[in-house]
Structure formats: C-alpha cells, structure tokens
Amino acid sequence: MLGLLWLWFGVVHAAMLLDGGWREAHPGDTPAAVLQQFHKGQLAAFDPSLLHSFPRENLGTWVVLRPQPPWVNEERVLTIYPPALGRITVYDENGPISRLALDDIGGPPLGHGRLAFRYPASVPASTLILLKLEPVDGLSPPLSFHLESLTAFLGHDAHWLTLFSACFAVMLTMALMALCFALMLRDNTFFWYAGYIFCYALIQSIQTGFLFHPLEATWLAPSASLLESASIALSVAFAALFMARFCELQRFAPLLRAPVLALAIGMPVLVLMRSSSIGLLVDAAQALVDPLLILGALLMLLSAIVAASHGSRHAWFFLVGWTPLLALTALSTAQLSGALPNMSWTSDASVVAGAFEAIVLSIGLGDRALTMRRDRDMVRALADNDSLTGVLNRRAWNEAAEAMLEGSTGRPVALLFLDLDRFKLLNDQQGHRAGDRALIEVAEALRAELRPSDLLGRYGGEEFIAMLDGVVEEQAMQVATRLCRRVHRLEIPVDAELLLSVSIGVAMRTLSDTVETLIERADQAMYQAKVNGRNQARLYDRPRAITEGSWPRVSEVEE
Ligand SMILES: Nc1nc2c(ncn2[C@@H]2O[C@H](COP(=O)(O)OP(=O)(O)OP(=O)(O)O)[C@@H](O)[C@H]2O)c(=O)[nH]1
C-alpha cells in the first residue's frame with residue numbers, strides 16, 4: 001500500500017501541467033483541422049490530469065493536449081492511464097506517428113501499467129499533442145493523461161514493475177500453495193480459492209498489460225478480450241464456490257447458500273452465451289453480465305456478513321480480505337459514469353488489493369487447515385481412546401502393538417498383562433462409580449510409571465495391557481514389579497481390610513510371535529500370579545515341559 005502511495009504521488013508530482021480538449025471523430029477529419037478547432041476553442045475542454053470518459057463508439061474521439069509553461073526542451077514521455085484494451089493513435093499535424101496499445105510491444109519506452117509515448121528533445125516542449133482514441137466495443141474506462149521527463153518516467157516505470165511483480169508473485173504463490181493444500185487435504189475449498197486467485201491475477205495482468213510485457217505472452221493478444229471476460233466470469237464462479245465453503249454458509253447462512261451457488265453456475269453460462277454465435281444469446285448475455293456482477297458481489301458481501309455475525313470465524317477473514325477489493329470495484333464502476341475523476345489510482349490499487357486479499361485469505365485457509373487437523377485429531381482421539389480412562393482402547397492398542405512389533409525387529413519386546421485384583425468386590429462394596437474412579441486412578445498411575453514410548457491400553461473391564469519396546473526380561477520384570485507397588489500404594493480400599501492391587505503377567509517376544517500369541521502367554525502368566533496369591537508379577541517361562549503335558553513353568557520374581 002505504501003509502495004502504491006509512493007508511486008501515485010511520484011507520478012502526480014513529476015507531471016508537467018497540461019490542458020486539453022476533445023471531440024468525437026467525424027468522417028473526413030484531418031489532424032490539422034482538429035488542431036485548428038482546438039486553437040479556436042471549439043473542442044470540449046477537460047482537465048487531462050483527471051479521469052475523463054470519452055465516447056469510443058462510431059469513429060472514436062480526438063483528444064488534444066496542450067503543455068503549459070514553463071517549457072523545457074528535453075526528452076519527455078506522455079502516459080495514458082489506466083491502460084485499457086483498444087488502440088490510441090498519436091498524431092502530429094501531418095498524420096499518425098505512432099499507435100499505442102497495451103498488447104503491442106513496439107519499442108521503448110514500454111509503459112508498464114500505462115500507455116506511453118516518447119517525444120524527443122527535438123520536438124519543442126510547447127508542441128500540441130494530438131491523439132485519436134480508436135473505437136472499441138463495449139465500455140471503456142475513463143482516462144487521464146500525464147506528461148513527464150524521460151528520467152522521471154523511467155523511475156516510476158521501474159518502481160511500478162517492482163511493486164506489481166511482487167503483487168503478482170504473491171497472488172500466484174498463494175494460488176499454488178492452495179493447489180498443493182487442495183491435493184494434500186483433498187479439500188475443494190483450497191481448489192476453488194486457487195482458481196479464484198489465479199483468475200483474478202490473470203484479469204489484472206491483462207488489464208495492466210503485465211501479461212504482454214514483461215511476461216511477453218503476445219500470442220494471447222488476439223484473444224485477450226475473450227480471455228478477460230472468461231476470467232472475470234470464472235473468478236466470480238470460483239469466488240462464490242470458495243466463499244460458500246470457506247464461510248460455511250450451509251451452517252451459518254443456509255438461506256443464502258443456494259443463490260451464491262446459482263451465481264457460481266450462472267456466470268460461466270453467461271460467458272458461454274456471449275461467446276456463442278447466436279445473436280439473441282449474445283445480446284442477452286451482454287445485457288445481463290454487468291448487473292449480475294454487481295448483484296453477485298453484493299450477495300457475497302451479504303452472505304459473508306450474515307455468516308460472520310452468526311459465528312463463522314472464517315467469514316471474518318473473507319470480509320477483511322475481500323472488502324477492499326469490492327470497494328475498489330465499486331469505485332471503478334462509479335468512475336465509468338464520470339464520478340470521482342481525481343481518484344486516478346483505482347486501477348493500480350486493484351492489483352495491490354488483490355495481493356492483500358490473497359495473503360489474508362491464505363492466512364484464513366491456514367487457519368482452516370489447522371482447525372480441520374485439530375478436528376481430525378479429536379475424532380481420532382475419541383475413536384482410539386478409552387472414554388473412561390483415556391488410555392488406548394483395545395482396537396487402537398492392537399493396531400499400535402502390531403506396528404510396534406513390526407518396527408522392532410532385532411530388539412527385545414515385553415508384554416505386560418495387568419488384571420486388577422478383586423475388583424468385583426470393590427464394585428459390590430462401594431458401587432460402580434467408585435469402581436470407575438479406581439480405574440481412572442489406576443490408569444493415571446500406570447501412565448505415570450511407564451515411559452511415553454510404552455504402549456498402554458485398556459484391554460477389557462479391569463484389565464490393562466502394556467507393550468514395552470527395547471526392554472529385556474529383567475527390566476520388564478522390574479517395571480511390572482514397580483507397577484504392582486504403585487497400584488498398591490494408591491491405597492484404594494476394596495473393602496474394610498483389603499487395598500486394591502494388581503496381578504501382572506509378563507511375556508517376552510519370540511521370533512515367531514504375533515500380538516495374539518504374546519498376549520496369550522502374558523495372560524497365562526497373569527493367571528499364575530493370581531493363583532499364587534495376587535499383587536505380584538510373574539514371568540511366562542518358555543514352555544519346555546508343555547510337550548510333556550504339564551503346565552508351562554512360571555518363575556516368580558520377588559515382589
Ligand atoms: N466400575 C466398573 N467396573 C467394571 C468395569 N468393567 C468391568 N468392571 C467390573 O470388573 C469386575 C471384574 O470382576 P472379575 O472378572 O470377577 O474379577 P475380580 O473381581 O477382579 O477378581 P480377580 O480378577 O480374580 O481378582 C466385574 O464386576 C465387572 O463388572 C468398568 O468400566 N467400571
């Protein structure tokens with residue numbers, strides 16, 4: 001914005017004073033006759049430094065500009081702003097000397113963001129400037145004219161190029177980033193946003209001439225007008241689709257969602273009608289497009305305001321990013337009918353506002369991606385965690401345990417199967433709620449005692465399970481023993497005499513083990529701990545005697 005202000009003040013203050021006159025072109029006009037009429041005061045006077053609308057139908061319009069003293073015979077450049085599609089011919093009294101057009105990269109000086117014509121120092125500074133605004137189809141924006149020294153012009157031109165290259169780079173980067181997000185997150189909101197920003201950048205690059213120079217896409221020049229109207233329609237369509245999802249209209253402004261989506265479909269249909277060869281369709285599209293653009297903009301503004309006031313956080317992002325652009329579009333529309341002639345910066349400001357909007361909406365989209373991720377994590381946590389104790393539920397634990405077993409080849413893995421002792425008695429004596437509280441306390445104690453990398457889960461009612469990666473037999477038994485002590489130290493009464501305790505079975509992973517077989521062995525060891533008197537840890541010993549029909553030996557480790 002500061003760059004834009006600097007650019008505007010620079011151009012305005014470096015300009016030489018001009019006064020001017022104009023009249024519509026008639027058949028048989030000669031440059032000399034037009035200049036003659038200007039001298040006699042027969043042309044309509046206007047201030048060239050202010051925006052002025054000229055009729056461009058029929059044969060076009062003559063414009064005469066008279067440089068005011070003090071005259072300095074130096075190289076100088078006439079600039080015409082804003083640059084619109086359509087030609088302007090520069091005359092001297094003998095005839096045409098140059099044709100200026102946005103898409104025509106003739107020779108230096110190239111006017112960036114404005115049309116430019118260079119007068120050599122040999123042409124006296126007081127020489128009248130004669131221009132013919134060639135006829136164009138449709139509306140043409142009001143124009144302003146400035147004359148400045150070549151040095152001042154080159155300075156402003158370089159500044160314009162820097163500022164606008166940065167703005168277009170911002171827009172395209174944001175569009176590209178959104179496209180990546182759309183593919184990664186599989187969320188169309190990002191795709192519609194990328195389409196919208198890309199089309200907007202395309203419109204601005206056509207309207208400022210950036211597409212033709214410095215981008216030099218001159219092969220697009222013949223279809224520039226069609227490309228411009230198609231981009232306008234598509235940008236509105238993408239913007240409508242984007243804002244409907246981004247501002248969550250379905251939730252926060254359901255009544256306005258249908259008209260917004262209708263706008264998204266209607267705009268491309270109008271462009272198709274306009275580019276058809278059926279006269280009736282072309283006329284209808286021509287008549288409808290501008291009112292629809294204005295109504296569409298108001299509809300999107302209203303929808304965003306309603307959604308924001310009903311609690312859509314992202315609608316605020318949309319309003320902050322989009323409102324400056326909308327205000328500039330409204331100003332430019334008003335200028336078409338002659339209003340606000342001294343606001344000659346609206347065209348440049350539209351590009352800067354486009355970059356500003358791209359940044360604000362990208363921040364909003366980043367926020368959306370974060371919210372989505374948080375929601376997804378929350379859903380996942382709800383699906384994976386036991387609702388009472390917060391540790392992994394049986395399904396999620398099984399999945400994680402399989403992954404841990406797969407990823408731990410070569411390292412020892414221990415499995416601890418924990419079953420609370422006489423829990424039924426606790427429930428019967430103190431009620432189910434006390435039982436629930438006890439489960440929560442035990443889970444917290446187990447979690448605190450284990451390492452964050454250990455996989456703790458609730459296997460069933462009063463059964464917990466833990467898989468310890470990289471832990472050898474002795475360490476596993478030490479951990480299990482520690483857990484026994486910790487649960488006992490919670491001092492949760494089971495009845496008048498007993499405190500809550502836990503029996504733990506420990507099994508070490510063998511090469512052929514799956515999660516199921518490992519659990520099976522740890523469960524058997526736990527059963528032995530129960531048989532042995534509870535409140536203790538037992539290690540499952542290799543079933544050396546199993547083939548002889550005896551129960552696998554379980555070795556007890558001191559409690
Ligand atoms: N409060 C509560 N109790 C549960 C929950 N899930 C299971 N239980 C109870 O846990 C008790 C388990 O009892 P049993 O399987 O007989 O085991 P026990 O009483 O601990 O006996 P041993 O294991 O032999 O020491 C049952 O009464 C279940 O109702 C739960 O989420 N909350």
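This is a predicted model: local features need pLDDT of at least 70, side-chain atom pairs count only at pLDDT 80 or more; totals for chains, interfaces and linings use all residues.
Local features rest on pLDDT of at least 70 and side-chain atom pairs on pLDDT 80 or more, while totals for chains, interfaces and linings use all residues. Residues are numbered from 1 along each chain as its sequence is written.

The protein chain is divided into domain 1 (2–156), domain 2 (157–376) and domain 3 (394–556), with bounds from an automatic or database domain assignment. Between the C-alpha centres of domain 2 and domain 3 there are 61 Å.

Helices (H or I, at least four residues) and strands (E, at least two) are DSSP runs, numbered from the N terminus. Helix α7 (residues 254–274) packs against helix α8 (residues 279–309) at about 155 degrees, the axes being 9 Å apart. Axes are lines fitted to C-alpha atoms, for helices over the stretch in contact, and angles run from 0 to 180 degrees between N-to-C directions. Therefore α7 and α8 are roughly antiparallel, a term for angles over 145 degrees.

Helix α5 (residues 224–246) and α8 cross at roughly 15 degrees, and their axes come within 11 Å. The two are therefore roughly parallel, which applies to angles under 35 degrees. In this pair, V236, A239, A240 and M243 of α5 meet L293, G296, M300, S303 and A304 of α8, contact requiring C-beta atoms, placed from the backbone, within 7 Å.

Around the ligand stand 16 residues, the closest being D421, F423, K424, G435 and G461; a residue is near if its C-beta atom, placed from the backbone, lies within 6 Å. β10 (413–420), α12 (423–430) and α13 (432–449) each supply at least two residues of this shell.

Definitions and conventions: Angles under 35 degrees count as roughly parallel, over 145 as roughly antiparallel, 65 to 115 as roughly perpendicular and the rest as oblique. Two residues are in contact if their C-beta atoms, placed from the backbone, lie within 7 Å.
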